Amino acid sequence: MERKNSLLKILLRSLSYLLVAALASALTLLLWAARGSKLTEVQRLIDAVFIGEYDADKLEDAAANAMIYSLGDQWSFYLTAEEYLAYQESVNNAYVGVGITIVQQENGHLIREVAPGGSAQEAGILPGDVLIKAQGQSVVGLSASEVKNLISNKEGTPVTLTVLRDGEEMSFDMICRTISVTVATGQLLDGNIGLVRINNFHSGCADQTIQVMEQLQQQGATALIFDVRNNPGGYVVEMLEVLDYLLPEGVLFREMNYRGGEKTESSDAACLELPMAVLVNGDSYSAAEFFAACLREYDWATTVGTQTCGKSYYQNTFTLSDGSAVNISTGKYFTPKGVSLAEIGGLTPDIPVEVDQNTDALIYAQVIEPANDPQLQAAVAQLQKTPR
């Protein structure tokens with residue numbers, strides 16, 4: 001009897017092994033039969049055998065991000081649906097909020113800037129205040145993005161912010177609304193030299209930049225300095241409109257798209273004939289460095305500062321079905337003389353001027369006084385030598 005039971009156990013164990021093997025084989029055959037791309041295979045494998053739980057959206061985001069990253073192109077990137085909304089705000093030079101720029105520190109977040117016309121300014125918040133609470137919740141120890149999430153980005157939403165000012169705790173009520181970002185600003189320096197700072201070449205840049213130039217000329221400017229340091233670039237059409245305003249008739253831009261098609265953009269005969277200089281640095285990207293290179297190739301401006309990054313691809317953004325997006329390089333661009341900035345390692349300024357780390361930080365924050373800015377002073381000195 002014991003022998004029969006033992007044989008029965010062996011038989012049942014063998015059958016169970018055969019059943020597992022059969023199921024595994026069937027699963028393999030099923031996956032093979034449904035085989036598409038490798039990504040599809042991995043997805044089906046996870047769905048079929050993974051014992052844990054997972055977030056399908058995170059899986060797809062990670063896969064899409066990895067695909068774009070694997071191209072080896074630093075200018076192409078993937079954006080989740082949430083990131084794409086923020087990206088749209090940045091390129092449109094407008095966002096929904098209360099209008100403050102914050103910097104994290106130990107006791108909260110220093111309010112570095114308060115946007116003119118924003119609800120924070122109207123409520124009475126000042127630069128230098130330290131944000132300690134948003135909607136009644138402490139923000140000490142939170143990142144800037146976490147603070148942003150506490151402040152709703154929906155138009156018309158009420159917001160309460162609590163700040164420290166001279167050791168006193170103060171609360172302010174305000175409403176989220178659309179705030180336009182100032183792209184170009186102007187300042188008349190000594191010697192009737194107009195300084196034009198261009199923060200980016202995104203939406204509205206051309207109109208604002210041209211308006212600033214005209215205002216400076218009305219104030220008596222007889223020379224111009226364009227500051228595109230730390231400018232990340234933007235839309236070609238905005239850059240070309242500014243260049244067309246400045247330069248005489250001729251080719252401004254050459255491009256080759258992914259199909260191999262070539263195209264040029266040109267300016268008309270109207271131009272602005274004033275002595276000019278352009279300030280650049282290692283964080284002058286894309287349209288910013290091209291702007292400087294184009295003015296130099298026309299012998300229209302002297303470039304001052306440090307080597308630019310060297311970018312020669314342009315990108316298009318493609319929205320995906322779930323609201324996410326891919327920003328992918330679709331073509332190459334060249335200067336009017338056919339130079340690729342990538343191939344020459346970026347624009348080398350006519351007058352190289354290095355700055356120390358502290359000065360560089362002040363330039364980035366746009367809080368440096370003109371007299372303390374070595375690159376700006378080098379441009380001023382050059383323009384003072386130029387007949388006007």
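Predicted model: local features only at pLDDT ≥ 70, side-chain atom pairs only at ≥ 80, totals over all residues.
Residues are numbered from 1 along each chain as its sequence is written, and side-chain values use heavy atoms, leaving out hydrogens and water.

Let's start with the rings. A pair of aromatic rings is described by the distance of the centres and the angle of the planes. Rings of Phe, Tyr and Trp (its six-membered ring) pair if their centres lie within 6.5 Å; planes under 30 degrees apart are stacked, over 60 edge-to-face, and the rest tilted. By this rule there are nine aromatic pairs.

One of them joins Trp75 and Tyr285, edge-to-face, at 5.9 Å centre to centre with 70° between the planes. Where do these two residues sit? Trp75 is in the loop between helix H3 (56-69) and strand E1 (77-79), and Tyr285 is in the loop between strand E15 (276-280) and helix H9 (287-297), so the pair ties together parts that are 210 residues apart in sequence. Helices (H or I, at least four residues) and strands (E, at least two) are DSSP runs, numbered from the N terminus.

Are they buried or exposed? Buried means under 20% relative accessible area, exposed over 50%, and partly exposed in between (1.4 Å probe, protein chains only). Trp75 is buried at 17%, while Tyr285 is partly exposed at 26%.

Next, the rings of Tyr84 and Tyr87 have centres 6.4 Å apart and planes at 25°, so this pair is stacked. Both lie in helix H4 (residues 81-91), three residues apart, about one turn of the helix. Tyr84 is buried at 12%, and Tyr87 is partly exposed at 23%. Together with Phe77, Tyr84 and Tyr87 form one aromatic cluster.

Now for the charges. Asp55, Asp57, Glu60 and Asp322 gather in a patch of negative charge on the surface. For such a patch, residues need over 30% relative accessible area and no salt bridge, with like charges joined within 9 Å; a salt bridge is a side-chain nitrogen of Lys or Arg within 4 Å of a carboxyl oxygen of Asp or Glu. Asp322 lies in the loop between strand E17 (313-319) and strand E18 (325-334), and is partly exposed at 45%.

Last stop: Asp129, in the loop between helix H5 (119-123) and strand E5 (130-134), is buried at 2%. Asp129 and Glu169 are 40 residues apart in sequence and 9.9 Å apart in space, C-alpha to C-alpha.

Technical notes. Patch = residues over 30% accessible without salt bridge, like charges linked within 9 Å, V, L, I, M, F, W, Y side chains within 5 Å. Areas by Shrake-Rupley, 256 points an atom, 1.4 Å probe, with all protein chains shown as cover. Lys, Arg positive; Asp, Glu negative; His and termini not counted. Charge placed at Lys NZ, Arg CZ, Asp CG, Glu CD.
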